[in-house]
Amino acid sequence: MGILLLVLFITLMAIGVPIAFVIGIVALLGITGMPYTPEATVPMKMVNGLDSFVLLAVPLFILAANLMNSGKISEKLINLALAIVGPIRGGLAHANILVSMMFAGVSGASQADAAGVGKILIPSMKKQGYDKETAVGVTAASSTVGVIIPPSIPMIIFAGLTNASIGALFLGGIIPGILIGLGMMVLVYIIAMKRNFPKVARPKWSELGKLILESVPALLTPFIIIGGIILGFFTATEAAAIASLYTFLISIFFYKTLKLKDLPKILFDTLALSSLSLFALAAASALGELMSYYQLGTIAQEFFTNNVSAKWLFILIIIAFFLFVGTFMDAIPAMILFVPIILPTALEFGIDPVHLGLIVIITLAIGLATPPYGLVLLLSAKIGELSIERSFVAVLPYLFIVMAVLLLIAFLPNIALFIPNLFN
């Protein structure tokens, strides 16, 4: 039965059925075939999988990102990024990366970054003489930091699965996210010098000061979120609610770029985007019951115990596995399905749950920019009017930067855990 379900899973994926439905169908058929198990188990597990206060943070952070885009706060951040790095050769590409790092500090989702920033900067880069490949590649690759630099929706899910500290995960994502951004900017500079990409005119000091003052309310958001969680003022879910309220207030009263009549569309878009992740999560919870029935966790633990004796080899296997899974599955269902299976073995090897979370999340972030599932790659390619094949070739050099940082963090964990350890 297990083999048949595996074949069904692969077949449904191969013919293009959305991953959330694939997971749900396999869970339904598998649990229905279990002896003495009522069919109602599937909807019960799906509902229970969503019955979590922590998961409320998912739609709330998405709402904050949508408010940022609709309130044109992302445009303020783009203007500031251009003022800071625009005068460097390849300024627009550098700004693309820098604004993604700024945007990541509010949204917690890479898709919102790719959509919000990409719609503005990809057409601008093309007008300034950048080829489509560079415009799409930089946008897709830099968007991956959206789930690495805190706050991060996948980090919240991982913390819920493992009881790891959300605050420690958030703090642990800061250094890897900055290293990835800086590494991409170095690569952009090398390419820009070879292809003679244009610079952006250096602004006057008065103009730069004005841009900084305009951007301060938006830039305060991550400090409010992370500082509040670390200092114990509120939980991650409450932080997401505060981020949404704060973004709404500064959009209405400070920037005055958002109207009350815009709210219905923003809320509808938030619900539509949230439902994709949450339905996949609910279906994954049901499939998790099926995997427990077949004792996949025990099987995996026995396999690693009998065949893997070195911690470094276990880490490489985990990275390779999630690189593969990330090509056809979103980070949230991937973690729901597989993190409980690998967690006991990781703890046996003495791997800190926060360290494991960073490895898994950065690895799955790469999957966001790889076909066939890669959402940020698909979004960027659509905006840039470039084929998926050419887009993937364009994004590859930047993904090597992410991979290099991932391996650095995997085998030198104190680099990422330096900031969290300061607060212990």
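**Figure 1. Three salt bridges are present in the structure.** A salt bridge is a side-chain nitrogen of Lys or Arg within 4 Å of a carboxyl oxygen of Asp or Glu. This is a predicted model, in which local features need pLDDT of at least 70 and side-chain atom pairs count only at pLDDT 80 or more, while totals for chains, interfaces and linings use all residues. Residues are numbered from 1 along each chain as its sequence is written, and side-chain values use heavy atoms, with hydrogens and water left out. Helices (H or I, at least four residues) and strands (E, at least two) are DSSP runs numbered from the N terminus. For single residues, buried means under 20% relative accessible area, exposed over 50%, and partly exposed in between (1.4 Å probe, protein chains only).

**Figure 2. The side chains of R195 and D131 form a salt bridge, with N to O at 3.0 Å.** R195 belongs to helix α11 (residues 174–195), whereas D131 sits in the loop between α7 (110–127) and α8; the pair links distant parts of the chain, 64 residues apart. R195 is partly exposed at a relative accessible area of 49%. D131 also counts as partly exposed, at 25%.

**Figure 3. The side chains of R390 and E133 meet in a salt bridge (2.5 Å, N to O).** Because R390 lies in helix α20 and E133 in helix α8, the pair ties together parts that are 257 residues apart in sequence. R390 has a relative accessible area of 45% and is partly exposed. For E133, which is partly exposed, the value is 23%.

**Figure 4. Helix α14 holds both K265 and D269, which form a salt bridge.** The closest N and O atoms of the two residues are 2.9 Å apart. K265 counts as exposed, at 58% relative accessibility, while D269 is partly exposed at 31%.

**Figure 5. N66, in helix α4 (residues 57–70), makes a polar contact with T270 through their side chains.** The contact spans 2.9 Å. A polar contact is a pair of N or O atoms within 3.5 Å; within protein, one must be able to donate a hydrogen and the other to accept it, and residues adjacent in sequence count only if both atoms are side-chain atoms. N66 is buried, with a relative accessible area of 14%. Leaving aside neighbours within four places in sequence, N66 is in contact (heavy atoms within 4.5 Å) with I266, D269 and T270.

**Figure 6. I157, M329 and V360 touch the most other members of the largest nonpolar core, which has 148 residues.** Such a core is a set of buried Ala, Val, Leu, Ile, Met, Phe, Trp, Tyr and Cys residues joined through side-chain atoms within 4.5 Å. Helix α17 (residues 331–348) gives the largest share of this core, twelve residues. Not counting residues up to four places away in sequence, I157 touches L55, V58, L281, I332, M335 and I336. A second, separate core of six residues includes L63, L67, L258 and I266.

**Figure 7. T363 is buried, with a relative accessible area of 0%.** T363 is placed in helix α18 (residues 353–367). Residues up to four places away in sequence aside, T363 touches I319, F322, L323 and L406. The C-alpha atoms of T363 and M403 are separated by 7.7 Å, although these residues are 40 apart along the chain.

**Figure 8. A cis peptide bond joins P150 and P151, with omega about 0°.** P151 is found in the loop between α8 (132–143) and α9 (153–162). Most residues other than glycine have a negative phi, and most peptide bonds are trans.

**Figure 9. N163 and K256 have positive phi values although neither is a glycine.** For N163, phi is about 65°, and the residue lies in the loop between α9 and α10 (166–172). N163 is exposed, at a relative accessible area of 73%. For K256, phi is about 55°, and the place of this residue is the loop between α13 (236–254) and α14 (263–293). K256 is exposed, with a relative accessible area of 60%.
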